[in-house]
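Hi,

Here is the structure I promised to pass on. Have a look at it first, and my notes follow below.

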Amino acid sequence: MSGITRTTTATEIVLPGKVEPAGLRITTRELPAPAAGQVVLELAATGVSFAEQQMRRGKYFDQPPFPFVPGYDVVGTVTATGPGVDPALIGRRFAAVTKVGGWASSLLLDAADLVPVPAEVSAAAAETVLVNGITAWQMLHRTAGVRAGGTIVVLGANGGVGSTLVQLARHHGVTVIGTASPRHHALVRELGAIPVDYRDPQMYRRITDIAPDGVDAVFDHVGGAGVVGSWRLLRKGGTLVSYGTAATKDVEGNSQMPVLKLFARLALWNYLPNGKSAHFYNFWAGRRRLDTFRSRLREDLTQVLRLLADGVLTPQIAAEFPLSQASSALTLAESRTVAGKVVLVPDARPA
């Protein structure tokens with residue numbers, strides 16, 4: 001049985017190539033009716049992740065060729081269902097992680113990728129914990145396996161992933177040292193972490209002063225040469241979780257090279273007989289076993305959304321922009337002046 005079969009006019013934000021944020025293009029097209037197993041999801045909220053900031057520079061590890069519609073995750077309402085999809089989904093609100101395609105007023109998705117959003121959670125709030133929340137949850141609990149009573153370091157504790165990671169760790173009974181610029185230290189304290197200035201040349205020494213016996217885990221999205229300092233912070237049995245290469249985002253050249261160099265360094269460290277371990281967290285790892293990947297994602301995101309609904313997590317919304325102002329949203333997100341996530345919402349309909 002299928003639902004509505006009409007076509008849908010979608011407004012999309014297209015990344016045409018390596019352009020400044022102002023170079024984003026606004027286009028419209030007719031979406032085809034959803035195929036078997038698909039739905040049409042009407043946008044309620046999407047957002048600007050670090051991934052899109054890398055993609056516009058051509059620096060994201062496995063981004064598609066230009067032009068394409070960015071948008072790593074999305075919250076929306078099902079407006080049509082394809083063959084084999086329960087039409088009762090129409091009118092219900094769901095979240096999905098898309099990697100690309102989310103910056104659109106409507107988009108086609110596989111129904112199997114949808115995760116229900118609790119009624120008491122706003123679309124913008126849910127958007128802040130989709131890729132950020134799953135990433136933070138999986139790194140803390142699945143990759144590092146940090147136990148209650150431990151101590152961790154979160155680089156960029158004011159960011160989308162970082163602020164969520166701090167909150168999840170504190171809820172789990174973990175002490176958190178979080179790096180951020182001084183203007184964000186009040187927020188970092190409010191989240192429950194001990195702030196350290198990431199611009200301080202003695203940043204790693206400051207952290208060692210706070211945790212002289214070493215820490216149980218470091219979560220590092222920066223990469224580059226600084227990852228050596230993160231590794232040295234670990235106690236025996238500690239875990240380094242690297243999940244990005246922000247340090248090289250503006251470096252010209254092969255976008256895969258910084259990641260491959262980081263992989264090689266982490267692999268070498270894992271062979272050293274010091275009891276420490278190093279991992280690179282990849283959100284999409286395991287997708288070859290699609291059913292297992294989807295099941296794990298659904299399980300983890302459901303738990304994160306429930307913590308959000310229960311008030312354990314406070315959504316960190318930096319700003320909201322209408323979809324048509326995606327270039328301004330991207331500019332703000334890249335300015336490094338805001339805490340939390342920049343969210344895109346639908347444009348107001350004409351009266």
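**Strands, sheet and cores**

Strand β4 (residues 73-81) pairs with β5 in the antiparallel sense, over 5 bridges. One thing to keep in mind as you read: this is a predicted model. Within β5, A96 is the bridge partner of V74. Strand β5 (residues 93-97) also joins strand β7 (residues 115-116), running antiparallel to it, through 2 bridges; there, F94 stands opposite P116 of β7. As for cover, 4 of the 5 residues of β5 are buried.

Further along you will find an open sheet of 6 strands with parallel pairing, in the order β10-β9-β8-β11-β12-β13. Its edges are β10 (194-197) and β13 (277-280), each pairing on one side only. On average, neighbouring strands of the sheet are turned by 15° against each other, ignoring direction.

The largest nonpolar core counts 88 residues, and W103, I152, F219 and F283 have the most contacts inside it. Helix α9 (residues 290-309) supplies the largest share of this core, with 7 residues. A second, separate core has 18 residues, among them V196, M203, I207 and W231.

Happy browsing!

Technical notes:
Residues are numbered from 1 along each chain as its sequence is written. This is a predicted model: local features need pLDDT of at least 70, side-chain atom pairs count only at pLDDT 80 or more; totals for chains, interfaces and linings use all residues. Side-chain values use heavy atoms; hydrogens and water are left out. Buried means under 20% relative accessible area, exposed over 50%, partly exposed in between (1.4 Å probe, protein chains only). Two strands pair if DSSP finds at least two bridges between them. A nonpolar core is a set of buried Ala, Val, Leu, Ile, Met, Phe, Trp, Tyr and Cys residues joined through side-chain atoms within 4.5 Å. Axes are lines fitted to C-alpha atoms, for helices over the stretch in contact, and angles run from 0 to 180 degrees between N-to-C directions.
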